[in-house]
Each structure stands twice: as C-alpha cells, then as structure tokens.
Amino acid sequence: MSQKIPVAVLGATGSVGQRFIQLLENHPWFEVKEVAASERSAGKPYKEAVNWVQSTPIPESVKNLTVKNCEPGLESKVTFSGLDSSIAGEVETAFASKGYAVISNSKNHRMDKDVPLLVPEINPDHLQLVKYQKYNGGLIVTNPNCSTIGMVLALKPLADAFGLELVNVVTMQGLSGAGYPGVSSLDIIDNVIPFIGGEEPKMESEPLKILGEFDPTGIKNIDIKISAQCNRVGVIDGHTECVQVKLKKKASIEEVKKAWINFSAEPQKLKLPFAPENPIYYFEEEKYPQPRIHRNLDKGMAVATGRLREDKLFDYKFIVLSHNTIRGAAGGAILCGELMKAKGII
Ligand code: NAP
C-alpha cells in the first residue's frame with residue numbers, strides 16, 4: 001500500500017483552515033502533518049491556538065501539533081491554504097517559489113494567467129496551465145470564491161447543452177463565509193446586510209475564466225455577461241442564490257432538469273474520494289432547497305437546485321444552494337488536490 005502524502009494547512013486556525021483539518025481526518029491519500037498560521041498562533045499547540053467551532057472534535061493527530069509560521073521550510077511539500085487574503089498572495093508565491101505545491105482558497109492568484117481556477121467537474125483541462133508556471137518546480141492552483149462555485153456548477157451543464165448568454169444572480173450568503181469571528185451578532189441578528197466587500201466583482205468575473213477554454217497563453221474567457229448582487233444573511237453555513245439565465249438555444253424545462261440530473265464529470269469517473277456521487281441534485285418540492293436541510297448533501301460537496309421556472313425577463317430562473325466552507329472552500333480544494341494526485345501533478 002502506498003504511503004499517504006504529508007500535507008500542511010496554511011491558515012489552519014481560520015474558518016476554512018478548520019474545515020481542512022476536519023475533512024482531512026482519515027483521508028485515504030493525504031495526512032495533515034503540519035499546521036501554520038499567523039505569529040499570534042505560532043509556537044502554540046493547535047488545540048490552544050484555535051477557537052474550534054466544528055461539530056466534530058479536533059482530530060487526535062492534529063490537536064497537539066505545534067502551530068508553525070507560514071514560511072517555506074515546512075517538511076510537507078503539498079500545502080492547502082486558507083490564508084487571509086491580506087497575506088495569502090505573497091506567502092503562497094514564496095511557498096511555490098521554493099518548490100511547494102499550493103492549493104489555495106484565497107483570491108490573490110485566481111486571475112493570474114498561468115494559474116488554474118479549478119472546479120474539477122468543470123475545467124480539469126485547465127490544470128495544464130501549471131506546466132507554464134515559473135515557480136521553480138512549485139505550483140499554485142486556486143479554488144474559486146465560495147458563491148461562484150455553486151453557481152458555476154449549475155451553469156456548466158446549461159452552457160454545454162444550450163449555450164449561455166446572460167446570467168443574473170442575487171445571493172443570500174452564510175456567515176461562515178466571512179471567516180471567524182466574522183460579522184458581529186448585533187449586525188446580523190434581525191437583519192440582512194446588502195453588501196459583501198469584493199464579492200460581486202468576483203462572481204461576475206471568475207465564472208468567465210472557469211467556463212473558458214484552455215489556451216497555453218492563458219484561458220480564453222467564455223463570452224457571457226453576468227450581473228451579481230450579494231447579501232449576507234443570518235445562516236451559519238450555506239450560500240443560497242437566485243439565478244436567472246438567458247440561453248443561446250431554446251430548451252424545455254424538462255431538458256434543463258435532465259441536463260442537471262445527468263451531469264457527471266471527471267471526478268466521478270475517477271471516483272475521487274471527495275467527489276460527490278452526483279454534483280447536482282434537483283428538488284421538485286417548491287420550498288426546497290434550504291440551507292439548513294440541504295447544505296450537507298452528498299458530503300457537502302453537491303449543489304442543490306430547485307424552483308426551476310420560466311422567467312419573463314430571461315429564459316429561466318432557479319435556486320442553487322451549496323455549502324460555502326465545504327464545496328465552496330476546503331472540500332473543493334481537497335477535490336482539486338485529489339484530481340492533481342490522480343493526474344500525477346503532486
Ligand atoms: P479566517 O477565519 O479569518 O482565517 C484566516 C487565517 O489566516 C487564520 O488561520 C489566521 O491565523 C491566518 N492569518 C491571518 N493573518 C496572517 C498572517 N499575517 N500570517 C499568517 N497567517 C495569517 O478566514 P477564512 O474565512 O478561513 O478565509 C480564509 C481564506 O479563504 C480567505 O482568503 C477567504 O477569502 C477564502 N475563502 C473563504 C471561504 C469561506 O466560506 N469562509 C470560502 C472560500 C474562500 P490566526 O488565527 O493566527 O490569526
């Protein structure tokens with residue numbers, strides 16, 4: 001039996017970092033050997049540095065690890081990053097330049113020409129970009145923004161089958177998306193905040209690259225227009241999105257549902273450990289999907305769609321829901337790592 005790949009989690013104390021630690025417990029291919037965070041945490045045992053808010057206990061194998069500084073010099077050559085974006089850019093560049101593989105959730109490198117913005121079910125071919133990176137044997141692969149991932153998974157089968165022209169989306173995003181401790185209770189209880197810094201431009205630009213075509217000189221963006229409005233709501237985990245689409249080719253409601261239900265891609269073919277059995281579930285019940293009920297669907301890695309109906313302005317409107325720290329962050333990045341291992345990149 002081959003040995004597991006030792007990995008380090010950068011930003012291990014944060015909202016996404018904790019999810020990495022939780023989800024990587026007993027992972028068949030990866031084993032968390034090192035944890036790193038800011039100077040505030042470095043030098044402490046992980047269990048003292050972290051304010052653990054997951055529903056399962058801190059894994060035994062991690063709780064006594066000493067938190068390290070986020071500096072190259074770690075023994076694990078594969079790193080999962082949940083670093084704050086204020087420092088992720090330079091730290092991830094430093095690691096990649098010293099030969100590490102960095103799989104990141106942060107925004108900083110997502111739009112770099114030679115960096116894949118990877119959703120394994122959608123654009124596994126974009127991984128070829130790492131061949132063109134100038135990181136001295138190291139590499140950077142990124143995961144999209146948490147609200148983008150759910151939406152693009154629902155859009156991909158429609159883009160393939162009918163073509164897309166226009167997308168309008170209004171989000172209701174969970175609190176864990178703001179990191180820990182995030183939004184203060186006095187701001188969010190009995191309230192909705194109609195602004196999330198930087199979120200709308202990300203939702204309007206990232207899907208163009210993800211759904212774009214591989215080219216060695218940089219991905220050729222898909223030619224669609226997206227308009228996004230993002231709101232923070234008092235839900236702990238789960239981003240719910242109201243989406244409207246205009247298609248290039250006419251399609252019936254049944255054809256759209258079929259495109260979602262039959263959607264299956266490379267991670268499912270390869271039976272990657274974190275791949276959901278079905279990337280997309282469609283719910284016929286009018287009141288579904290709901291974050292509290294559906295966010296953990298298929299290990300928290302699937303997206304739930306529902307309420308597909310004709311739209312007077314566009315062609316169709318529907319709801320999509322996904323787990324922001326699992327599919328939208330740590331789980332999605334682990335799936336990227338699994339695809340990279342299956343392809344011999346790490
Ligand atoms: P978070 O809870 O605020 O955690 C940030 C992490 O970065 C902590 O481990 C923190 O360590 C570390 N850190 C902060 N300053 C540092 C420094 N100067 N040097 C080294 N480490 C430092 O944030 P989060 O929600 O987990 O998000 C992490 C990243 O993932 C962000 O870039 C975010 O945009 C992205 N993301 C988040 C989500 C989500 O749903 N939350 C989804 C997708 C992507 P200390 O504890 O020691 O301060």
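## Two cis peptide bonds

Pro289 lies in the loop that runs between strand 10 (280–283) and helix 10 (291–294). In this predicted model, the peptide bond joining Tyr288 and Pro289 is cis, with omega at about 0 degrees.

A cis peptide bond also joins Tyr180 and Pro181, and here too omega is about 0 degrees. Pro181 belongs to the loop between strand 7 (164–173) and helix 6 (185–188). Most peptide bonds are trans.

## A positive phi

Asn26 is found in the loop between helix 1 and strand 2 (30–37). Its phi is near 60 degrees, which is a positive value in a residue other than glycine. Most residues other than glycine have a negative phi.

## Where the ligand lies

The ligand sits in the largest pocket. Residues of the shell around the ligand come from both domain 1 (5–145 + 330–342) and domain 2 (146–323), so the ligand lies between these two domains.

Three helices each supply at least two residues of this shell: helix 1 (15–24), helix 4 (85–97) and helix 12 (326–342).

## The residues around the ligand

There are 27 residues around the ligand, and those that come nearest are Thr13, Val16, Ser38, Arg40 and Ser41. Sorted by class, the shell consists of 16 polar, nine nonpolar and two charged residues.

## Polar contacts and burial

Which part of Ser38 has an N or O atom 2.6 Å from an oxygen atom of the ligand? The atom is in the side chain of Ser38. With Asp84, a polar backbone atom is 3.2 Å from an oxygen atom of the ligand. Gly179 also has a polar backbone atom by the ligand, at 3.4 Å from one of the ligand's oxygen atoms.

How much of the ligand does the protein bury? Taken alone, the ligand exposes 900 Å², and the protein buries 82% of that.

Key:
Residues are numbered from 1 along each chain as its sequence is written. This is a predicted model: local features need pLDDT of at least 70, side-chain atom pairs count only at pLDDT 80 or more; totals for chains, interfaces and linings use all residues. Side-chain values use heavy atoms; hydrogens and water are left out. A residue is near a molecule or strand if one of its heavy atoms lies within 4 Å of it. A polar contact is a pair of N or O atoms within 3.5 Å; within protein, one must be able to donate a hydrogen and the other to accept it, and residues adjacent in sequence count only if both atoms are side-chain atoms. Accessible areas come from the Shrake-Rupley method with a 1.4 Å probe; for residues, only the protein chains shown count as cover. On a 1 Å grid over the protein atoms alone, a cavity is a set of points where a 1.4 Å probe fits but cannot get out, and a pocket is an open set with protein on both sides within 12 Å along at least five of seven lines; lining residues have an atom within 4 Å of a point. A molecule sits in a cavity or pocket if more than half of its atoms lie within 2 Å of its grid points. Helices (H or I, at least four residues) and strands (E, at least two) are DSSP runs, numbered from the N terminus. Ala, Val, Leu, Ile, Met, Phe, Trp, Tyr, Cys and Pro count as nonpolar, Asp, Glu, Lys and Arg as charged, and the others, Gly among them, as polar. Domain bounds come from an automatic or database domain assignment.
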